[in-house]
Amino acid sequence: MKLLSSLALAVVLSAAPPVIDELQPRGAQKGRPFKLTVVGQYLGEGAAVLSNLPATFTPLGAEQGRMAGRAATFLVEPTAEWEVGIYPVRVKAPNGVSNILLFSVGAFPESTEEESRPGALPHQNDSIEQAQTLQSTAVTLNGTLKGPERDFYRIQAKAGERRVIEIEARRCGSAIDPVIRVYDAAGKPVARSEDDPLLSLDARVDVTFPREGYYYIEVHDARFSNQAQNFYRLKTGSYAYPAEVFPLGGRRGEQVEVSLGASKARVDLRTAKGPQTFVNIADAKALPLPFAVGDNPEVVEPVAGALSLPVTVNGRLSKPGEIDRYELQTNPGDEFLFELQARELGTSKIAGLITLYDEAGKKLASAGDEPLPVDVAAVQASSRTLGDPYLQFKTPEGVRKLTVTVDDLARRGGTLYAYRLLASRTGSGFQVTITAPFVNIPAGGTALVTFNVARRGYTGPVQIKPLQLPPGVTASGGNIPAETADPLNRSANRRAILTLTAAPEAKLDFGEIAFLATGEDDGRKIERHATGIGYSIGVTGASTQGVVDRQRPLTGAWLGQQLPASLSDPSPATLALTLENTEKKEAGYAFRYRWRWTARNAMQKVPETLGVEVPNFQDLRITEMAVDPADPMSGTFLVTSTRNTLPALYNIAATGKLTGMAAQDIVSPVLTLTVPALAPEEKPANASSAAR
Amino acid sequence: MRPALLASAATIFAAAHLTAADPPVTFLRDVAPILNKVGCTSGPCHGAAKGKNGFKLSLRGYDPQFDYEALLYDLSGRRFNRAEPGRSLMLAKPTQEVAHGGGLRFEKTSDYYKTIYNWIAQGVPYGDPEKDIVAAVEVVPAEIAMSKSGETAQLKVTARYKDGQVRDVTREATIESNTPDVARVNPGPAINGERIGEATLLVRYEGKFSTIPVTILNPKPGFAWKALPQHNYIDQHIDAKLQKLKIQPSALADDAAFLRRVSLDLTGQLPAPDEIRAFLADPAPSRTKRDRKIDKLIASPAFTDHWTVKWGDLLQSSRKFLGEKGTYGFREWIRDSIAANKPYDKMVRELLTSRGSTYDDPAGNFFRATRDPKPTMEKTTQVFLGVRMVCAQCHDHPFERWTQNQYYEMAAFFSAVGLRPGYEVGEEIVYDQRADYEMKHPKDSRVVPPQFLIASTAPVKIPSDQTRRDALAEWLVSKQNPFFAKAVANRVWSYFFGRGIIDPVDDIRASNPPVNPALLEALTKDLLDHNFDLQHLMRTIVRSRAYQTSFVPNEWNALDADNFSHALPRRVAAEPLMDAVALAAGARPNFPEVPEDTTASQLPDPHVGAEGFLDLFGRPSRESSCECERRTDLSLPQALNLINGKTISEAVADPKGRIAKNVLAGASDAAMVEDLYLATLSRLPTKAETDSAVKYLTGGARTSRAQDLLWALLNSKGFLYSY
């Protein structure tokens, strides 16, 4: 009995951090108190909601029995005026913080699809004949698409009545890619929307019904996919919404007049922090639209004379075939960075093309139409994606004036073809993204953080370090070697791992950790702050059709977060690596590492093999992994390099999966691994290019 | 080769030896035909892609300049002994004086030997392309008609050169029959009539060709044409041909057979039992109610689904190329086009000129399967013009006028088309500014400007506000284009008769003539007159008596399979067959990752339900745009699947299926038998069939025996075929 008690205690002490899978409901009418149930795992006693929704979240008692720890309910009461919009929700529990899910505040009364109510039978409204009736007044209906299904709703309309019907899904964190179809009573199609250009992949139709009668709304996923985040919010009513945004952004610290189609708005960026805020019409019923925030001085086309750098030019390709031109003075050797912001902002359709010409009209460089290197990570051609183009440029001899043009690759134009051209006198650089949305560091243990570097002309090594750490927390790793300059392998040397290790007595309630990445190019120090992704919501592709369709997860860089971090309960065991020896081999080096588990109780089983990660290491081979016969908590493995491995500083970490009741992934603190340069006659073929 | 080089080569050799007594011999006029005739330039010999034993000639001698240079300069010119022509390798090899892998090609005593000997002796002159090229090949007689099989006809082939000279080339010409079991080519050349029917002879000489139709009539006495009602111009043209061939068409199919056939052909679905009962009970005149039914079927959603599958096949709508969302989007675009009865020329124009995001304009997915200019051009010509250009990529087309130059000229229309990933997964941007976009000729890397397939003396001038694709689309869908409307009229016809008037439908060429040119011309004109309205064309076809003719032959048309004198039973295609099983058994098919009520004809692409019933029964994988990808054969694995497979066995025993419903509704034995016959064979059972089936049902466990009966009906030819 005593043994069982101590085991139970160990399990309780080792509870994993909270995870949230579902919010019930996914949205609420603004200003109205409501009950919010958070569904997930490890949502035990003391769970609290963290959100920027101005409201109090009062716990209504923990769930008991089967649902204990799997749901927590809160009474939500406004503390200030709510604006129609999207709000992040996460849970903080004594054992750490959860992921973020998004919550939507709307203007209309809320209702729920019948088959989405708890305990309801499925497939209740999968055909026109079974359509669920919607009220005639404005409403927001919360529904779900469980697997490959269609949902039908019936509405009654008068002749000449206008009705906006839209789906909020992608915009509020659902993995559904919604399609709306509207039929008349005879089943004849009246309207359809799939990807409204201003609504991410969400859909909206604006219908004026020709005659009185019943009409049917069909909602389905564009791919009939099966998603974990499978909810949608069907909003219908007669309301106005922003039909365009121009300009697409403004300067931090200023107030900006924005055209939203039929109306204008004044966006206050005086206190803006992140790279993006939102803009909406007055008394909005629809969700706001993204609005970029920058730090350069801003101008709006047409621009008279030469550009004064740095600058952000706000322009628009108003008609098909239009090419916008800007001039700037230069001297040979000047370095420039031109970046286009358009499609990635979610408010422009431009497939951007930046081109540079000299005074004589000779094309010097372009971006947006250049040949693409082979993407080794692409499952198939169609799964590859590209963002807005950028152009790094150094003025050649004899050139004193540059003309930079912006146009659409497919020569399109119109209201929705606006852009922001960021121009600066900047040399080579890079951008760093923290690819982990948040981290829970086990007390006395280690957590892994990953980074991705998007190189912008800079090919040297990068070092990523935290700017400040809570007391008792240390960091290791964060090294990326120089780019291999292999055009066939775009994923090389762009990923970093870093571990955060907390002492048993470390203190961290909840906060953000910022990171700075540094590099050096010809003696010039390059520093970049890493940006966080806020959240990562998985989107699945088809799984049984023989062709894998990779989908990009939904992320929330717009939240402007860095790395939200919290301490969590100690893990059942910790893992550590040490380098035992390094040996020179015929074609490279062999590094023998020892791992050691330290368990919190003697009954803890540990795995006999580990995962070993050494990012960016060409020809990585892990061999001879074996547990010590005399000590099951320890063992060794061998890491070998080849002639293709660039001599550089790498990072190595090991991960092991604990199974059973305390199932967890445990990671070791990162060690550095230095691959020495080979003797001249042993140099790999690409060593010279790597040295650049 | 440059003219100067040719001239200098000729001069060098001319200086070596000249036999004044012999007639002048040139490579172009005299030697190249010999190389082609004796097989040196054939595919298995030196015309192979990599040549043979180190010696490469152009396939079938399509490039005489290349062949001349190969002969002169390969082996450092050692193929000729100018002092002693007889010791030249070019003569020693084919006469096997030295070892020759190709064996003996001609004797030393032959005329061919003498011609080549003289050519070498005269200094291997190339000839004058302005004079020594064949301008035309003429064949006498131009048409062969035999009153019965067993007769023989002789041919004479003459070549007319550019300088006006005419030469008998009967011996050197190549003559082939497209149907050797009707007309066989014997040495001589003598044409033997083997059996009743029609064939076409293809006569080729030096890149020029001519076709000769051969007809062998039925000698049986007693034929008297019995005129049948003609519903429209189709019947007039078919009757005219049949009357000439002494073939009496079959009578009209009965109403039930018509309803089954027209439902399958227009919608890919069997008529439901209630629909059959209502149609049979309709007291209106048969032709009236048939016309009404045709209109109803064309207006149905099933019609749209069915033709969406057809065009999805041809346009390669598949997630392998388009990703999941691209496939759904492209299918939607095709479906919308069919539902709206978009004029065919407009639909094709949209496909060819689409640009921008494939999310916004799904027609742009047309370019994503083939991606590169050359395969895109091949697809465009094959699907929309019925012309196969693929051979001409490497050499001039062997059986058609198309040259390698034309291949690259046509491909140049697409050479600027670029595809670039978009921001969303599965999205690509179609644009016309691809860097380094000029089409280069493989022979000399020269830039090939775009030029339309039909010869035009003036170079293509593309207005500044147009792209090359715009210009191509304008030309391609023009009513003046001799291929465009004809190709689709022929293709659509084939879907209703099981074969094209030109067959294969995507291989239109002079050497593959239509079986009824007047009919094809009339269909084409009708389509043009109705502004490419494909629904009108289909309606006209299925309203014709020819379409509604019974599959039961008579004594005069039993052997005819080409002239539409009776319906030809066709195995039901994969998707309609699976949907037919579902209707017959009253059971839903169970496809993964699509909504539950999805029919086989509504599937987005062939990756859904892959490697199952549909693929076994010939659903195309959409790897190419060839009609040949869809198989409608009947094989042993298919038979075994029908007998033992899950699809049939589970459908028959479905707890919500037709048998269960009949039993639970208390249907009598006779009523159940009638329902099963209507649901499978689309007709009422005969009294004998009813008696036999009722007897079987009452002989044991009724439900189980009813399932047996349904299983037997699903395995019958009456179910598997459209007739």
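**Notes on the aromatic rings**

1. Let's begin in chain B: B:Phe303, B:Trp307, B:Trp493, B:Tyr495, B:Phe496, B:Phe497, B:Tyr547 and B:Phe564 make up one aromatic cluster. Rings of Phe, Tyr and Trp (its six-membered ring) pair if their centres lie within 6.5 Å; planes under 30 degrees apart are stacked, over 60 edge-to-face, and the rest tilted.

2. Please keep in mind that this is a predicted model, where local features need pLDDT of at least 70 and side-chain atom pairs count only at pLDDT 80 or more, while totals for chains, interfaces and linings use all residues. Residues are numbered from 1 along each chain as its sequence is written, chains are lettered from A in the order in which they are written, and side-chain values use heavy atoms, without hydrogens and water.

3. Across all chains, the search finds 47 aromatic pairs. One of them joins A:Phe209 and A:Tyr215, tilted at 35 degrees with 4.2 Å between centres. A:Phe209 is buried (under 20% relative accessible area; exposed is over 50%, partly exposed in between; 1.4 Å probe, protein chains only), because its relative accessibility is 1%. A:Tyr215 is also buried, at 1%.

4. Now look at B:Phe27 and B:Tyr126, a stacked pair with centres 6.2 Å apart and planes 15 degrees apart. B:Phe27 sits in helix α2 (residues 27-37) of chain B, and B:Tyr126 in the loop between α5 (111-121) and β1 (134-140), 99 residues apart. Helices (H or I, at least four residues) and strands (E, at least two) are DSSP runs, numbered from the N terminus. Both B:Phe27 and B:Tyr126 are buried.

5. Which ring does the charged end of B:Lys310 sit over? That of B:Tyr495, 4.2 Å from its centre. A charge counts as over a ring if NZ of Lys or CZ of Arg is within 6 Å of the ring centre and within 35 degrees of the ring normal.
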